Amino acid sequence: MPAVPPQREGGRAASCAPDQTKDSEIPVTETPQPPADAPTPADLETLSRQLGRPVRDVVAIPARCVCGNPLVAATAPRLSNGTPFPTTFYLTHPVITSAVSRLEAAGMMAEMNDRLVADPELAAAYRRAHEAYLSAREEIGRRAGTGPVPEIDGVSAGGMPTRVKCLHVLVGQSLALGPGVNPLGDEAVEGISAWWTPDACSCAGAWDTEGQAPDRDLSRHGPQGLPAMTGRPAPVRRMDTAGDPAEREDAAGEERA
Ligand SMILES: [Zn+2]
C-alpha cells in the first residue's frame, strides 16, 4: 500500500472554506519532515469548527472535499499527552458524520455483521482492511515521530477485523485510503450518496464559520464526550457534538452492538 494516503481529487479553490488565511506560519505539529498533506493552520481551525472542539495531534489531512476542506483527520497513534489513540482516520465533516449515523440507525451494521459471519470472502477482505489500517497507522506514527505504541499493537478500530462497531471509522478509512481497501467502508460511502458524494461540495452551512473557533480553553471545561451525546446524528451548525474521538467511537459501537 502507498506510504501516503492518496490525495483526493480536486483542488483547493476553498470557495466555501471558512477563514482560509494563508499568512499564519505556526506549525502545530513539529515533525522533522512535514508530509505533503500536513494540516495547515487553516485546516486545524476548520477541523475544530467541524468538531466543535479543539483538535490535537493531527498529522495529516488524508481526505478533502473537492473545495479543499478536510473530510478526515489522521491523528498520531499516541497523543502528545501520552494517550494511545487507535482511531487513526477520524471522520470530521458534519454532513458525512450525520449521514453515516443515519446508516447506523437504520441497522446497516447488524446486516454487515451477519454477512461477515456468512461470507468468508467478505470476511477475508475485511481482515485485509484491518491490516491496511494498521499499516497506515504505522506510517502516520512514523511521520509523527510517535515511536512504538504497544498498547494498541494489532488493534485497529471500528470493530475490525471481525465485526462492525462503528461505520464512521470504516468510512474514514475508505475516504482516507481510497476505494478498494475496506469493502464495508466503501458500501457505507455508497450508502450515504443521497446526502454526500465525493464529487460535490456540501460544506456551505455545515458548521459554524463565524466567531471564535474552539480553542484550547474549551478542552479544560465542561463535560465533553458524554456517552449520552454520542452515536447520534451530528446536528448541523451546532457545536455540541464534542467528545474524545475514541470515546465517541467506543460509545457508538457499544450502543449499536
Ligand atoms: Zn466543500
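**The sheet and its surroundings**

Tutor: Three strands make an open sheet in the order E1-E2-E3, with antiparallel pairing. Strands (E, at least two residues) and helices (H or I, at least four residues) are DSSP runs numbered from the N terminus, and two strands pair if DSSP finds at least two bridges between them. This is a predicted model: local features need pLDDT of at least 70 and side-chain atom pairs count only at pLDDT 80 or more, while totals for chains, interfaces and linings use all residues. Residues are numbered from 1 along each chain as its sequence is written.

Student: Which strands are at the edges?
Tutor: E1 and E3 (89-91), each of which pairs on one side only. From one strand to the next, the twist averages 30°.

Student: What does H1 touch in the sheet?
Tutor: H1 packs on the sheet through E1 and E2, and its direction makes about 100° with that of E2. Contact means C-beta atoms, placed from the backbone, within 7 Å. Axes are lines fitted to C-alpha atoms, for helices over the stretch in contact, and angles run from 0 to 180 degrees between N-to-C directions.

Student: How many bridges join E1 to E2?
Tutor: There are 4, linking E1 to the antiparallel E2 (residues 70-75). The two form a hairpin with 5 residues between them, and Gly68 in that turn has a positive phi of about 110°. Ala63 stands opposite Val72 in E2. Val72 also stands opposite Leu91 in E3, and E2 and E3 pair over 3 bridges, again in the antiparallel sense.

Student: Is E1 enclosed or open?
Tutor: Largely enclosed by the rest of the structure, because 7 of its 7 residues are buried. A residue is buried with 20 or more other C-beta atoms within 10 Å of its own, exposed with 12 or fewer, and partly exposed in between; the C-beta atoms are placed from the backbone.

Student: New topic: which residues touch the most others in the largest nonpolar core?
Tutor: Val72, Ala74, Ile96, Val100, Leu167, Val171 and Ala188, out of 55 residues in that core. Such a core is a set of buried Ala, Val, Leu, Ile, Met, Phe, Trp, Tyr and Cys residues joined through C-beta atoms within 7 Å. Ala74 has contacts that include Val58, Phe89, Ile140 and Ala176, leaving aside residues up to four places away in sequence.

Student: And H3, which of its residues are buried?
Tutor: In H3 (residues 108-118) they are Met109, Met112 and Leu116. They cover an arc of only 60° around the axis, which puts them on the same side of H3; the arc is that of the directions from the helix axis to the C-beta atoms. Asp114, Val117 and Ala118 are exposed on the other side of H3.

Student: Why would buried residues line up like that?
Tutor: An α-helix has 3.6 residues a turn, so residues three or four places apart point the same way.

Student: Where is the cis peptide bond?
Tutor: Between Met160 and Pro161, with omega about 10°. Pro161 lies in the loop between H4 (120-144) and H5 (167-177).

Student: What about Asp57, is its phi positive or negative?
Tutor: Positive, about 55°, although Asp57 is not a glycine. Asp57 sits in the loop between H1 (41-51) and E1 (58-64), and is partly exposed, with 19 other C-beta atoms within 10 Å.

Methods:
Contact = placed C-beta atoms within 7 Å.
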